[in-house]
Amino acid sequence: MNFAAVIEALSSPYTDRWTNSASDTRECLALVDLYVRMAWTLTLCESRRTGGHHRPVSTPGMGTMLAVVRAAQKDSTFGSDPMGAALSAATAELVQAIDAFRASSFTSLKAVRDRLDHGEALSTNEAEASELAERLRQLCTAMKTALGEKLGAFPLGASGQQLLLSAGTHSLNLVPLWVALDLPPHAGLYGHAGKDEVTYLIPGSHQRSSRSIDKMTASDKDWLAVSERQGALSRFAKQVTTDLAAYTEDHTAPDYHFGDDEEAGWLIVPWTRATSDQNQPRLDRFRLSQNDEKQWLEAKDQWRPYTAFLKDISNWPVLARRIGIGLDEASRTRREEEAARLGSSPTSNARGPARLREVDSDLKASSDESFDLRERIDRACELVKPATEVFFLVGQAGLGKTELMMSAAYERATLLAKTPDDPRPLYLFVSSTGRTLASLEDAVNGALNITKLLSSQSARVLCRNGLLVLIVDGFDELLGSSGYENALGSLEPWFRDLGGKGVVVASARSSYYLTQYQRSLANAAGLSVEHTLIELQPWSRTEAETFLGDMGTSPATLTGLSERDWRLLGIPFFAKAFSAWRQTRAAQQGNQPLFEIVVGQYLDREASKLKDDLRGAPLLDQAELRMLFAEVAEMMLQQKTRELELRELVQCAQMATGFENLEQHRAGLTNRLSAICAMSVNTSTTKKFSFSHEVMFDCFVTIVLETALRRRGDFSGVRRLLELGKVQADVFEWLSERCPTETLLCVERLSVLGTSPDVPQALRENVGTWWSILLRRRSGLPPSSRAIGLRMETVELNYGDWKDLSLTNCEIGFLRVPAQGRHRMSVSGTKIGQLAGAADRLRATVADVSPELVGALQVGAEWWDSKRAVRSWFVEQRMAEAEVAHGDEDAVDAADYFLGKIERSHQVVVTEQGRLPDDSRLSWTKHYDAAVWLAFLERLIRHELAHWESIQASGQAKVRLVFDVAPARIRQREADNSKVAGFWAEMESDE
């Protein structure tokens, strides 16, 4: 391939768009820039070959490039051989053509470019505009001829790591300012260099090729060395164009260039903003101030923060006002639905406290201080942090997570609509409660529909820049019960697009975080995310009494309530239901358990919608309606959804009544079913129905399981239901209370699941949760003497009327042995996150332990969490045999220890020089010598399991360790991954 073919391929995307009219002006100017860039890069490569003093500039403008080409004309080292002579002649003709340019009232090419760069029209006279376009076309042709005639015959070809332009026996290496491509145009041209990579221009393609500076030769890296400021400007350019892509019609990043002369150091971006009315051409200028503040030129000599630009193109006050309107409407609808469900007044202002506390990953309090969620969110948006901050709000269903987050979002939107210059972020509340959506994108776009200003892409931009916080309410309900199969699936694309920036808030049930989300997070690679876990606390008895009093409940009616009742009344959902029942139905119905009160209110509400218009009588009696909702809950479990279509609702009614032809036996029922439940999703073709609150779904799942459970002697129906998907812990609590005898028999029967991979994970988790609940209700007495294949979060055993217990091939988050007594417990093949107890009790109680399956060991006040230390303790206590060392045992142990810690913390940020942490959160790295830590990091990088990424941070320059293979997968030693196998094999070899 000769160089003329490359010139033609790079030029054709521009010339193919020529229309021979005045509209060619911008295409021609872009092509002029391309030819100057060719001349500039070739001149630099020749300068390097001949030992000249010219070096690349990381982000050159046209004036800068032409200055280098002109200076080379005076360099005596050019022209001493055929390559230099041809290049000198070509660039001389190219510069001469530029200098000779004249058109209409423009005396130079720079005058044309300056006019356009300042956003002015070139000419309002059609004849002058046409003449200018023609002169520019002629200039492009002259520049192409200058390069083609003098250099076009020279062959260009790749040779190893080089791209050579040859002239006889002489050759010119164009790498790294050019890059070889497999497809036309077969060569990419230098665009700009950042601190980490070089980006290449490929005309005609929206994609730009890039090459990591780390992977270049030492001489190339030295030659391309750029200052920190130049690298920062390059990164800023990439950020700006990526942000702007979200506001364009086709979401393509616009081109840009860097200013010259008085605009030196400016980033200039011509682009087209898409709006609901029309596309708006814009030309915006940006810079980094002396203190590296990102700035936007709003008007002549008026520089403002970059965030002001994003607010401007997002129509900030209107956006805030419209989000507030949407939230106000949603809140009013929610209050009305709650009032209709409970039979209370929708205008009640009684509100109990919302107490938050920060907890660790095991939901244990990490601080006694109260947690101000809004203050922490706002502060996190202000700070430059190495990772996206995620505040994960957990708690039982019905505690008021939705109300807390919705009110925070509404109040912030109202504030910013009135005072748009307030620096605090906007909160985008996204409700996923009761929805079954393909992705979080659907939920976000649904929340943004009312604004008509933002899409999910532009919402990400605002989130990345600290102007908007995504709040996902009911995250565990987003995909129905199927969400439990891929806990991180919906949030992961957001995390990746945020790129370690911004703040996200999500709420879910505590059990969801413990059993699913953490596991998914540990198995995800390449995420830059830090989690702060917050738990919404139930009300104390005093707080519940105060709330009930505010709701008008007489203190006299609260006497005789059990401790279990008071625990339920600490949940706002049940407290409201109880108060409404006391005021409206208690006199007629008498004392009832809270469970039946809530279910009864729901049935009464829905029965009122299903009356025969002629007779005024219900179309379904209480028993049939109860059975209908049980059928609905079971179908939702089977389909892994929280919604049903009307035809499915009809099927449930047929099963509940026993009549296939509903209209024949219950005329009008089919049509009236459309009024039942809460309508959650409307589309143009389908209406879908769901329970008005997730607690109600749990109540009717309880009834479904209770019905199956009372069929004594055959628990196959219960097992079938538990295989379908995750069942909440509250369901098992209610079941254990409502039918304790049947529950104990069932759990005893189901506890032996075996080790077959065919046993569904949902069944293992459900039975494990049920087993743990019974253990707690029985004050630490095991509900069965054997358990095989269960997954349990907490097992705290007590002394009492039991002797032997076998927990085989189970997974237990926390296991505590009895403090006294003569008990024996086998834990063969069981993985234990943390094992706790006194030394003598562990020796006397625990048998068949595998030290490598114990993550941490707590013996009295002592604590060990590395495999080496845990195994050493068991060996010292003669509870395990010492292992024969193979290879570098310390390195193997350290790698497992480090990976286990990273699984939980997910972030490793260290100094760029030295690769050592300067953050107390990584103090665990000091458990081993620094040399062991550094060797661990070096092996990860060498085996391509992770890579380094530069980040913005205060103090010393820092880098983040980004995993290309998830830490959990490395730690599990996946046999089918050659990189993982190589990592461990190197340490375990005998050499």
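Colleague: Let's start with alanine 127: does it count as buried or exposed?
Modeller: Alanine 127 counts as exposed, at 55% relative accessibility. Buried means under 20% relative accessible area, exposed over 50%, and partly exposed in between, with a 1.4 Å probe and protein chains only. Before we go on, this is a predicted model: local features need pLDDT of at least 70, side-chain atom pairs count only at pLDDT 80 or more, and totals for chains, interfaces and linings use all residues. Residues are numbered from 1 along each chain as its sequence is written, and side-chain values use heavy atoms, with hydrogens and water left out.

Colleague: Thanks. Where is alanine 127 found?
Modeller: Alanine 127 is in helix H6, residues 126-151. Helices (H or I, at least four residues) and strands (E, at least two) are DSSP runs, numbered from the N terminus. The C-alpha atom of alanine 127 is 9.4 Å from that of serine 104, and the two are 23 residues apart along the chain.

Colleague: Now the whole protein. How many helices and strands does it have?
Modeller: There are 36 helices and 33 strands. Along the principal axes, the C-alpha atoms fill a box of roughly 100 × 80 × 50 Å.

Colleague: And what share of the residues is buried?
Modeller: Of the 991 residues in the protein, 53% are buried. As for contacts (heavy atoms within 4.5 Å), take those with a separation of 6 or more: residues 24 or more positions apart account for 61% of them.

Colleague: How far apart are the mean positions of the positive and negative charges?
Modeller: They are 3 Å apart, for 114 positive and 133 negative charges. Lys and Arg count as positive and Asp and Glu as negative, while His and the chain ends are not counted. Each charge is placed at NZ of Lys, CZ of Arg, CG of Asp or CD of Glu.

Colleague: Let's switch to helix H2. How many of its residues are buried?
Modeller: In H2, 20 of the 25 residues are buried, so the helix is largely enclosed by the rest of the structure. H2 covers residues 25-49 and reaches 36 Å from its first C-alpha to its last, close to the 36 Å expected at 1.5 Å a residue. That expected span is 1.5 Å times one less than the number of residues.

Colleague: What follows H2?
Modeller: Glycine 51 follows it, with a positive phi near 80 degrees.

Colleague: Which non-glycine residues have a positive phi?
Modeller: Among them are histidine 251, with a phi of about 55 degrees, and aspartate 301, with a phi of about 60 degrees. Most residues other than glycine have a negative phi, and most peptide bonds are trans. Histidine 251 is in the loop between helix H8 (228-245) and strand S8 (257-258) and is partly exposed, with a relative accessible area of 39%. Aspartate 301 is in the loop between strand S11 (294-299) and strand S12 (302-305), and at 66% relative accessibility it counts as exposed.

Colleague: You mentioned peptide bonds. Where are cis ones found?
Modeller: One joins valine 175 to proline 176, with omega near 10 degrees. Another joins proline 184 and proline 185, where omega is about 10 degrees. Proline 176 lies in the loop between strand S3 (170-173) and strand S4 (178-180), and proline 185 in the loop between S4 and strand S5 (187-193).

Colleague: On to H29. Which of its residues are buried?
Modeller: Glu742, Thr743, Cys746, Val747 and Leu750 are buried in H29. Down the axis of H29, its buried residues fall within an arc of 125 degrees, so they line one face of the helix. The arc is that of the directions from the helix axis to the C-beta atoms.

Colleague: What covers that face?
Modeller: The cover over the buried residues of H29 includes helix H26 (694-709), helix H27 (716-722), helix H28 (729-738) and H30.

Colleague: And serine 751, buried or exposed?
Modeller: Serine 751 is buried, with a relative accessible area of 0%. Its place is in the loop between helix H29 (740-750) and helix H30 (761-777). Not counting residues up to four places away in sequence, serine 751 touches Val767, Trp771, Ser784, Arg786, Ala787, Ile788 and Leu790.
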